[in-house]
Structures are given as C-alpha cells and as structure tokens.
Amino acid sequence: MTPPESATLNEVAPQQPVADTKELIKEVLEAYPEKTRKRREKHLNVYEEGKSDCGVKSNIKSVPGSMTTRGCAYAGSKGVVWGPIKDMIHISHGPVGCGYYSWSGRRNYYIGTTGIDTFGTMQFTSDFQERDIVFGGDKKLAKLITELEELFPLNRGVSIQSECPIGLIGDDIEAVAKKSAKEIGKTVVPVRCEGFRGVSQSLGHHIANDAVRDWVFPQYDKEKKAGNIPDGTAYDVAIIGDYNIGGDAWSSRILLEEIGLRVVAQWSGDGTLHEMINTPSVKLNLVHCYRSMNYISRHMEEAYGIPWLEYNFFGPTKIAESLREIASKFDETIQQKAEEVIAKYEAQTQAVLEKYRSRLEGKTVALMVGGLRPRHVVPAFHDLGMRLIGTGYEFGHNDDYKRTTHYIENGTLIYDDVSAYEFEEFVKELKPDLIASGIKEKYVFQKMALPFRQMHSWDYSGPYHGYDGFAIFARDMDLALNSPTWSLIGAPWKNAEAAK
Amino acid sequence: MKVMLRQNSLGHLVVYVAKKDLEEEVVKQEVVEEGKVFTLANGWELAIPTLEEPLRLPQTIEAKRLA
Ligand code: SF4
C-alpha cells in the first residue's frame with residue numbers, strides 16, 4: 001500500500017508560524033550592508049498556502065563576495081549534460097584546471113570499457129599555455145582531435161567544451177569542428193559554454209541543449225530523409241534529464257520497461273551519441289530533470305511533435321502516481337501493466353516502511369540542492385514520515401519555484417541561491433534534524449553535530465530513483481539520522497558541565 | 001518577444017517565455033483587429049498576431065507585451 005501523502009503531517013508539531021519565519025529572515029538579513037540586504041531580501045521568503053509561486057526571485061547574479069554553491073556554464077554543459085554521454089570524448093578546451101578540478105565528481109555510472117569504447121571517467125583537455133592565448137588555440141585543437149582519433153579509434157564523436165579563455169580570445173571552434181568532423185568522419189560538436197556566460201551552471205544546460213539541437217539533430221533529419229530511421233514501436237520513449245547518479249537511470253528504466261515501454265534513449269546518464277540522434281523518433285519524452293533539459297524537450301515537441309511529461313521517481317507515492325500518469329498516455333495493456341507493477345512492489349515497499357518509518361517519523365529536514373531535487377525528493381521524505389521545513393535551489397528559475405508549490409506545505413522557508421552564512425543561521429534557528437545538501441555544506445554542519453546527507457552525489461550511495469532506490473534512500477536517511485556518532489561530537493568537558 | 005504556445009497536461013493553453021522563465025496559463029482570449037489579446041494568469045497581456053487555423057501546437061510566435 002502506498003501511504004497517504006501527508007499522513008504524518010497531522011502527527012508531528014505544526015510548521016513554525018509564517019510570521020515567525022519571516023521575522024527570522026529579517027534577523028538574518030540584518031548582518032548585511034544595506035545594498036546587499038536589499039538584493040538578498042528578494043531571494044528569501046516563506047511559502048504561504050494557496051500562492052502560485054514561492055515568492056522569491058531567482059536566476060539572478062549572486063552577491064559578489066558571498067559564499068554560494070553555484071557553478072559556471074562550463075560546469076553545466078560539460079559536467080551535467082554532455083559529460084555522461086559515454087562514447088564521446090569531451091574536451092575541456094582551455095587551461096587544465098576547469099576540467100581537472102571537476103573530474104569525475106558526479107558519479108554518472110555507465111557500462112563499457114573505459115579508454116576503449118567509453119570515456120566517462122577520463123579527462124581530456126587542450127591544456128592552454130600562454131602561447132595559445134596569445135596566438136590562438138585553433139590549430140592545437142585540430143591537432144588534438146586528430147591525436148584522439150589515433151589513440152581512441154572507437155570513440156563515436158567529440159565535443160568541444162569551451163572554458164572561459166576561448167570566448168575571450170575569439171577562437172573559431174565552430175570552423176575547427178566542421179573541418180575535424182570531415183577529417184575523422186565523426187560528429188564533432190563545438191559548445192560555447194564559457195564559464196562567464198550567465199549567472200550559474202543553468203545557462204550551461206541551455207547552451208548544451210542548443211548544441212544538441214544544432215549539431216546532433218540535423219543528423220537525424222538527414223538520416224530520416226534518406227529513409228535510414230526505422231519506425232520503432234508505439235511504445236518508444238526516452239528518459240530525459242536522468243544522469244544516472246549512482247545508477248538512478250537504471251532503477252528508473254527497469255520500471256518503465258516492466259510496464260511495457262521501450263526505452264530507446266537515456267539522456268544523458270549511461271547514454272550514447274546514437275541514442276541522442278535517434279531520440280526524435282520516440283513517441284513520448286519522459287522528463288525527470290526539468291531544469292536542465294526542458295529546452296530540448298520543448299524543441300522536440302515543436303519540431304517533431306513529441307509530447308513530454310514530467311515524472312517523479314522518488315518515493316513510492318510519487319512513483320505510483322508517475323507510473324499511472326505515464327501509462328495514461330498509452331493503451332490499456334500498458335495501464336494494466338502499470339497497476340501490476342505497482343502491486344508487485346507493494347510488499348517490498350511495505351517492508352521498507354515497516355523497518356524505517358518508525359525510526360524516522362516526525363524528523364525534520366532542510367534541503368538545498370540544484371536541478372529538480374529541492375522539490376522532487378520531498379515526497380520520499382514524506383513517505384518516511386519526515387517533514388520538510390525549508391528548501392531552496394542553487395540555480396533554479398521562476399518555473400522551478402512554481403512547480404515547487406505542489407510539494408511543500410504552508411510555512412516552509414524558501415531560500416534561493418542561499419549563502420553559507422544564511423544557511424547556517426537558518427539551521428541554527430530552525431534546528432532541522434537532518435540537512436540534505438551538497439559537499440560544500442557537509443562538513444560545516446557535521447561539525448555542528450548535525451546529521452547530513454549529500455543530495456547531489458547521494459553521498460557516494462544510490463541509486464535513489466524507483467522502488468529499489470527508495471529502499472536505499474530509507475536506509476541512508478536512517479544511517480545518517482540515527483548514527484550514535486552525533487552524541488560523541490561535543491567536547492567531553494563541555495558534556496560534563498552540561499550534566500551538572 | 002518570442003513566446004511558445006503549448007497545451008499543458010490539463011489541456012489548457014499556456015504561454016512559455018524562455019527569456020523570462022515564465023510559464024503561465026492563458027485565462028482570457030480577446031479577438032481584436034490584428035489578431036488576439038491573451039491575458040495570462042499573472043496579469044500580463046500579450047498581443048498575438050493572427051494565427052493559422054487550425055492552430056498547430058506547440059508553436060513559437062512573435063508576441064508583443066501590452067501590459
Ligand atoms: S568559470 Fe571559466 S575558468 Fe572557471 S571553471 Fe568555469 S570555465 Fe573554467
């Protein structure tokens with residue numbers, strides 16, 4: 001049985017009154033100089049029931065000098081969208097650091113022989129030196145691609161991920177891409193994702209999506225014209241915006257296949273270039289991370305008439321809801337199978353809830369992540385009887401905050417692009433039992449003796465998607481919250497004093 | 001400004017403006033001389049040029065913001 005969505009909300013203490021939380025925001029803002037306070041004021045708010053959005057401004061440049069968690073456009077394109085495409089070589093074009101320090105940080109799992117036919121965990125860079133900046137790096141780039149082809153002949157293509165200097169010195173990577181594509185006879189995609197573009201990694205996602213539209217889809221159009229694209233089945237779908245962190249896309253794919261759909265493409269976790277090329281032939285695009293791939297989904301809807309549907313595979317309540325909604329787009333056999341699949345996992349889910357719910361019931365959590373997670377994982381916490389007291393996006397836009405309202409209750413604190421200082425102050429005051437955020441926040445809060453889980457990398461665990469993922473999710477939250485370690489963190493002499 | 005017209009899962013007409021991250025339902029349509037005026041749920045009013053019938057969705061068009 002899937003638990004009723006908000007069964008727990010009645011049992012635990014109600015959310016702090018809206019007015020009190022608003023007062024807290026004011027207090028926290030007081031530490032800022034006036035100009036900064038005015039800027040930051042717009043990004044912090046309390047959600048009030050019935051409003052159509054969260055009442056915060058978003059996708060605006062961070063305040064210079066404040067510690068935030070944002071990345072750059074290069075991170076959004078290379079790290080998120082293009083990086084996981086396993087059979088392509090993604091060149092970090094420019095100086096060595098950008099690629100080196102973000103190397104393999106995202107745990108996008110894939111199948112293949114690294115260095116032979118897949119390249120996910122490898123790092124390729126054109127390693128710009130002074131002379132490349134002065135004289136331009138186009139020749140070096142062309143040479144690099146020739147060399148790559150020699151060393152890794154089984155690559156299916158190359159993407160050129162521009163770092164900051166490329167745009168500054170005005171290199172013509174598009175020309176190189178066209179020339180090199182002819183030379184090696186493979187796809188070469190130039191991506192103009194220089195880090196200085198936009199206010200966060202979010203613009204990088206958009207630029208990467210546009211590069212797919214401009215450099216990958218024309219190949220589909222060409223093959224389609226030539227009659228080389230098979231019709232496929234009526235059940236062909238693509239998973240869009242699942243990066244297979246810790247195997248997430250796999251545990252999602254299992255469910256989709258079990259209800260009778262044929263997943264022909266994974267964007268982009270464990271995905272390949274040819275899956276991408278083939279995607280305009282699917283019947284429905286299933287979008288998990290709306291933020292990073294809504295652009296290409298909208299494009300496919302307009303250009304190829306493929307509808308798209310946002311779904312959520314975190315926690316049994318939402319999984320069942322999503323499976324039913326996905327199935328409703330197909331015929332009765334699929335709908336029938338969806339019911340069977342939901343029934344099949346009932347026992348497993350029940351066992352998970354029985355084991356963990358009593359240990360987690362009533363605990364509160366504060367979230368701060370990117371992409372889709374600040375809203376999508378909330379129902380999974382609810383399934384475990386936990387409550388959300390605050391949430392926020394690193395680089396969300398207005399459309400994300402609108403979508404968030406369905407997931408949160410009255411009085412939830414909302415913080416957009418929160419700074420380290422603000423987050424700390426909020427936590428000190430609201431005292432959540434668990435903080436779920438990223439690596440940059442982790443150790444600060446752990447040193448405050450607060451249980452913490454990383455929500456970007458699943459703290460080196462996962463997958464969290466799907467029914468199988470939920471079991472792991474529940475176990476991990478229990479491990480974090482109920483670990484005996486937390487009572488040992490305070491200094492012994494202080495404990496002794498407190499005991500007096 | 002470029003806006004995309006599409007139908008959401010409830011079958012309502014929505015306007016999406018990528019540059020503004022704006023996705024709002026059309027709550028009122030008014031026929032005027034040079035096309036239509038759409039009123040969005042957030043209060044915006046957009047002048048929409050005459051569109052080909054039957055309406056093909058989704059479709060990106062050039063619209064002008066009136067209010
Ligand atoms: S901002 Fe520029 S220099 Fe820094 S990591 Fe991003 S691309 Fe590299």
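**Close-up views of a predicted model**

View 1. Residues are numbered from 1 along each chain as its sequence is written, chains are lettered from A and ligands numbered from 1 in the order in which they are written, and side-chain values use heavy atoms, with hydrogens and water left out. With 13% relative accessibility, A:Thr364 counts as buried (buried means under 20% relative accessible area, exposed over 50%, partly exposed in between, with a 1.4 Å probe and protein chains only). Neighbours within four places in sequence aside, A:Thr364 is in contact with A:Arg387, A:Ile389, A:Lys431, A:Pro432, A:Asp433 and A:Leu434; contact means heavy atoms within 4.5 Å.

**View 2. A salt bridge joins A:Asp236 to A:Arg262.** The closest N and O atoms of this pair are 2.9 Å apart; a salt bridge is a side-chain nitrogen of Lys or Arg within 4 Å of a carboxyl oxygen of Asp or Glu. A:Asp236 belongs to strand S6 (residues 236–242) of chain A and A:Arg262 to strand S7 (residues 262–268) of chain A, so the pair ties together parts that are 26 residues apart in sequence. A:Asp236 is buried at a relative accessible area of 2%, while A:Arg262, at 41% relative accessibility, counts as partly exposed.

**View 3. Another salt bridge is formed by A:Glu149 and A:Lys186.** Their closest N and O atoms are 2.9 Å apart. The pair links distant parts of the chain, 37 residues apart: A:Glu149 is in helix H6 (residues 138–151) of chain A, and A:Lys186 is in the loop between helix H8 (173–184) and strand S5 (187–191) of chain A. A:Lys186 counts as buried, at 18% relative accessibility.

**View 4. A:Asp459 and A:Arg453 form a salt bridge.** The closest N and O atoms are 4.0 Å apart, and both A:Asp459 and A:Arg453 are buried. Through shared partners, salt bridges join A:Lys442, A:Arg453, A:Asp459, A:Arg475 and A:Asp476 into one network.

**View 5. A:Asp248 lies in helix H10 (residues 248–258) of chain A.** A:Asp248 is buried, its relative accessible area being 0%. Not counting residues up to four places away in sequence, A:Asp248 touches A:Asp242, A:Arg373, A:Trp458, A:Pro463, A:Tyr464 and A:His465. Between A:Asp248 and A:Asn108, 140 residues apart along the chain, the C-alpha atoms are separated by 8.9 Å.

**View 6. A:Arg40 is found in helix H2 (residues 34–41) of chain A.** A:Arg40 is buried, with a relative accessible area of 5%. Apart from residues up to four places away in sequence, A:Arg40 touches A:Leu29, A:Tyr32, A:Val63, A:Asp416, A:Asp417, A:Val418, A:Ser419 and A:Glu422.

Conventions:
Predicted model: local features only at pLDDT ≥ 70, side-chain atom pairs only at ≥ 80, totals over all residues. Helix = DSSP H or I, 4+ residues; strand = E, 2+ residues; numbered from the N terminus.
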